[in-house]
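Subject: Structure handover

Hello,

Here is the structure I said I would pass on. My notes follow below it; please read them with the structure open.

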Amino acid sequence: MWNRFLDRMLRHLISEGTLDIVWPDGRRVRYGDGSGPKARVTLTTPNIVKDLSLRPIMALGEGYTDGSLEIPEHQLFDLLTLLARNEQRGGMPAWFRGYSYMRGAVGRWLQRNTPLTSRRNVSHHYDLSEEFYRLFLDRDMQYSCAYFKDPGMSLDAAQAAKKAHIASKLRLAPGLRVLDIGCGWGGMALTLAREHGVHVTGVTLSRSQLETAQARARAEGLSEMTDFRLMDYRELTERFDRIVSVGMLEHVGLPQFPTYFAKVSDLLTRDGLALIHTIGRTAPPRPTSPWLERHIFPGGYVPSLSDLARPMESANLWLADLEVLRGHYGPTLHHWRDRFEANVKTVRAMHDDRFVRLWRFYLVACEMAFEEQQQAVFQLQLSKQQHTVPRTRDYLYSQPAQATSQVADRSLQSA
């Protein structure tokens, strides 16, 4: 029964590309028009056939992770690209759209993200060891989209350029008080303190990240200019001249967006300025992948602009500028994936084969999403007053290229 069901679903779905399926009974069937991309999948158990029929997105990731669905490593990106392109052509059956709508409704409940559940969600992903993340991130441990001003830039240089771009948008001056919401391992906060003479308070819910950030501050002699706390941003009461938040809004959850932007507004001084850097959809809202939500980012949600507009407006904030970074996160993830694979033996020794497949699938799936689907990065510049930010963007690009390069170089040397 399930073999026939999945076969019909695949024949309806795959109209572009080439997908070869080896069924559990050894049969080989080709789907698609014979063009590229091409991929071969081997289904090793009858249960995976049933799972793919009933919950295809979850079963694809879990099947790859547990080995009941085998894909040559070099074809994983092509497989996910093939499936994404055909899904976007409307190839999934009508019941799947209903299922997605239901998941969206359930997701609102799952993404309530109270202070307690937020701590648990962050710990799930970010309290893996610092040593693991150092295997594939840049030297400064920036776990967010880099900024490739030149496609040939190294990952380290592109991450330094991202920090410099954000610093320019923050309009920093020595002595300003800056809040970093979701400070990670401290790289952004330390860069702003070191390069711009500001005092940075960084908050995180990850104990591992907190310890690393504090140790780095001590090692650089920046403890007096930084204050890293294990703290939920909702508990803050001070006022700040500047707020920066990079790669954190994706963890807030759709129901918490009004709380988030209201808190940003409350924490900003009257002439303050905030820069929110987040993954975003350039398409209507869509529920989080169930596989990603369960295994990688519990409580996570990637917003569309329509999700963000009303909460920002209700918080009485000016959207002083919005920049959409296209074509930057795909290369960032490709660098991470290359580094992960170069160190895969070390990863396997630290964890196990299942963990390697889990993270490989995650990195490949995310790279594919930025290359093939309507996903980008939003940089939201927010203020309380109209003229806090200059009328034009000229101030962002008036620095001579040599001076910008020197700042980036100093940042790299200190990382």
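Strand 9, residues 268-281, is mostly covered, with 12 of its 14 residues buried. Buried means under 20% relative accessible area, exposed means over 50%, and partly exposed lies in between, using a 1.4 Å probe and protein chains only. Helices (H or I, at least four residues) and strands (E, at least two) are DSSP runs, numbered from the N terminus.

This is a predicted model, so local features need pLDDT of at least 70 and side-chain atom pairs count only at pLDDT 80 or more, while totals for chains, interfaces and linings use all residues. Residues are numbered from 1 along each chain as its sequence is written, and side-chain values use heavy atoms, with hydrogens and water left out.

Neighbours of strand 9

Which strands pair with strand 9? Two strands pair if DSSP finds at least two bridges between them. Strand 8 (residues 240-246) pairs with strand 9 in the parallel sense, over six bridges. In that pairing, Arg242 has Leu273 of strand 9 as its bridge partner. Strand 8, helix 11 (residues 257-267) and strand 9 together make a right-handed β-α-β unit. Right-handed means that, with the strands pointing away from the viewer, the path from the first strand over the helix to the second runs clockwise.

Strand 11 (residues 375-383) is joined to strand 9 by nine bridges, and the two run antiparallel. Arg281 stands opposite Gln375 of strand 11, and Ala274 stands opposite Leu382. Strand 11 is also joined to strand 10 (residues 318-325), again antiparallel, by seven bridges. Here Leu319 stands opposite Leu382. Eight of the nine residues of strand 11 are buried, so this strand is largely enclosed by the rest of the structure.

Strand 3 (residues 38-43) pairs with strand 4 in the antiparallel sense over two bridges, and Leu43 stands opposite Leu69 of strand 4.

Nonpolar cores

A nonpolar core is a set of buried Ala, Val, Leu, Ile, Met, Phe, Trp, Tyr and Cys residues joined through side-chain atoms within 4.5 Å. The largest one has 73 residues, and the members that touch the most others are Leu19, Leu43, Phe132, Tyr133, Tyr143 and Trp359. Helix 16 (residues 353-372) gives the largest share of this core, 11 residues. A second, separate core has 28 residues, among them Leu179, Tyr233, Val264 and Phe378.

Which residues does Trp359 touch, not counting residues up to four places away in sequence? They are His125, Leu128, Phe132, Tyr133, Phe136, Tyr143 and Phe340. Contact means heavy atoms within 4.5 Å.

Helix 14

Helix 14 (residues 329-342) has 14 residues, which at 1.5 Å a residue should span 20 Å, and its end C-alpha atoms are 20 Å apart, which agrees. The expected span is 1.5 Å times one less than the number of residues. Tyr329, Gly330, Thr332, Leu333, Trp336, Arg337 and Phe340 are buried in helix 14. They cover an arc of only 155° around the axis, which puts them on the same side of helix 14. The arc is that of the directions from the helix axis to the C-beta atoms.

Helix 10 (residues 207-220) contains Ser208. Is Ser208 buried or exposed? At 19% relative accessibility, Ser208 counts as buried. Ser208 touches Tyr126, Asp127, Leu128 and Glu130, not counting residues up to four places away in sequence. The buried residues of helix 10 pack against helix 6 (115-126), helix 7 (130-134), helix 9 (187-196), strand 6 (199-204) and strand 7. After helix 10 comes Gly221, whose phi is positive, near 70°.

Thr226 is found in strand 7 (residues 226-230). Thr226 is buried, with a relative accessible area of 8%. Not counting residues up to four places away in sequence, Thr226 touches Ala189, Leu190, Ala193, His199, Val200 and Ala217. Thr226 and Gly186 are 40 residues apart along the chain, and their C-alpha atoms are separated by 9.3 Å.

Regards
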